[in-house]
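Welcome! Take a moment to look over the sequence and the 3D view before reading on.

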Amino acid sequence: MSRLGWYRVLVVGGLVALLEVLCLTGAIDKITMQAPHLIVRDLSRMLVSGRMNGAIAKTLTNTVLALLLALGAGIVAGALLHRVRALRDTLDPLFATYYAVPVFAFYPFFIVIFGLGDMPQILIAFMLGVVAVIVNTLNGLDRVPPVLLKTARIMQLSPVDTALRMTLPSAGPHLLTGVKLAVAYAFIGVIGSEFIMSRGGIGYEISFAYANFDNATMYPLIVLILLASIAINGVLSRWERKLLLRRGMRSP
Amino acid sequence: MKQPTMARRTGLHSLVLIVALVAIWQLLYGWVGDVALASPLATLRYTATLFASESFASHVLDTLRAFGIAYALSVVMGLLVGFWLGFDRLSGDTLEPMIVSLYAIPKLTLYPILLLAFGLGLSAKVAFGVLHGVIPIILFTLSAVHNTKPILMKTGRVLNLSRSQMVRWILFPAAVPEIFTGLRVGFALTLIGSLLAEMFASQRGLGYLLMNGIGLHNVELIMSVTLVIVVFAFAVSSLLLSIDRRLHRRV
């Protein structure tokens, strides 16, 4: 591991140790937070007993579905908007202000239309993620060097070949940024809707545990989500960096 | 024919967008009906009655207060930490990836912890707003400092400027456009953060009204509150965006 990597481990380790000390000495009382080692113990017990497997599977399935929808629709819409300048200019103010709007406000409409099932949650998560994908697709397509497209025309590549061999490799890193954001938004969308109103899932279990002062369930579930999103984000970031390095671009 | 100016074109685009959105809204209303949606006209009417009522004004003020404090804290903390990490290469390189991954975690899941730590009320809202808003400001400031042309820094060193003079006369002017982008993104995220906190962890404010509407299934209330939030966010974000573009064009 690099020197910086060790520093990072030290920082995280120090923070966890600080929390541990604060909890053990009672500076943070038991009702507010459990000591980190207890959270780890509860988390492993929970995973071994499998009592949350249903909730975890439900949340993950919905998140993945919303993510796939957001990626598919977002990349297609981004590619189309890139061609139609007027439409893009019209939608630009919407994209720029989109994330200041609480999308969750639309959740009740979806419940009325689709019933209290998985569909409203998937739609909310999709709505949160899709704009990030569109914006980053546009951003990536903007940065494809024109010389590559000219080369493709000279070599008489078909549109599919041009997309696969020229556009995709050079827009790739930006697309990945969109993917990373979409992962985070898909999680937020599904778990947030589960908080508001649902019949199951990790978000539902967290708010249920919160209402019952059941910290032994609440903290492990929160930590589980945080670890999962950090891990996914870490893998994608590493991939992104590799792509950027291969293109000779410095990581942003 | 005279070429329309940039500003007028953007204005025209926004107008087209607004008309299109209202049209879609009306069409959707025709499709799903009164159960799930209120028509644009009914929503406007309800919004007008809301603004006339006294309790609504106090909810708006509450939201604005929480948001204002949270944004002020986000800006101050974000700039301080951003400049620190930008200057101190070692801390910057160590902490930046960690802050980036904090940016990507679903912070909404942390709300029960914030509630337990801060209790129901203003401080939880402010904490949640800061949690959302401070990270982009840190990251944009950090990258603005890193992207400052080395020649400017060298000039500063040749002129024997102190660290604070360096920030005031060299870094700040050079980094302002990018920092402003951070402030703009931070604005949107702080707003969404404080609203989310109100939805889940408060008895007051627009977010609470929204949750109340959801709970009582008062469609007109939900639509009106959403409309007020959207119009506010849209107006301020557009303003910030136009300033942002002007700053970037200047450089």
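This is a predicted model: local features need pLDDT of at least 70, side-chain atom pairs count only at pLDDT 80 or more; totals for chains, interfaces and linings use all residues.

**Where the chains meet**

Let us begin with the contact between chains A and B. Chain B brings 41 residues to this contact, and chain A brings 42 residues. On the side of chain B that touches chain A, six helices of chain B each give two or more residues: H1, H4, H5, H8, H9 and H10. Of these, H10(B) gives the most, with 9 residues. By residue type, that side of chain B divides into 31 nonpolar, 9 polar and 1 charged.

**The domains of chain A**

Where they touch, domain 1 of chain A supplies 6 residues and domain 2 of chain A supplies 4 residues.

The table sets out the residue types on two of the sides described here.

| Chain B, touching chain A | 31 residues | 9 residues | 1 residue |

**A closer look at one residue**

Now find B:Leu79, which lies in helix H3 (residues 54-87) of chain B. B:Leu79 counts as buried because it has 20 C-beta neighbours inside 10 Å. Setting aside neighbours within four places in sequence, B:Leu79 is in contact with B:Ile137 and B:Thr141. B:Phe200 is 121 residues from B:Leu79 along the chain, and their C-alpha atoms are separated by 29 Å.

Definitions and conventions: Residues are numbered from 1 along each chain as its sequence is written. Chains are lettered from A and ligands numbered from 1 in the order in which they are written. Two residues are in contact if their C-beta atoms, placed from the backbone, lie within 7 Å. Helices (H or I, at least four residues) and strands (E, at least two) are DSSP runs, numbered from the N terminus. Ala, Val, Leu, Ile, Met, Phe, Trp, Tyr, Cys and Pro count as nonpolar, Asp, Glu, Lys and Arg as charged, and the others, Gly among them, as polar. A residue is buried if 20 or more other C-beta atoms lie within 10 Å of its own, exposed if 12 or fewer, and partly exposed in between; C-beta atoms are placed from the backbone.
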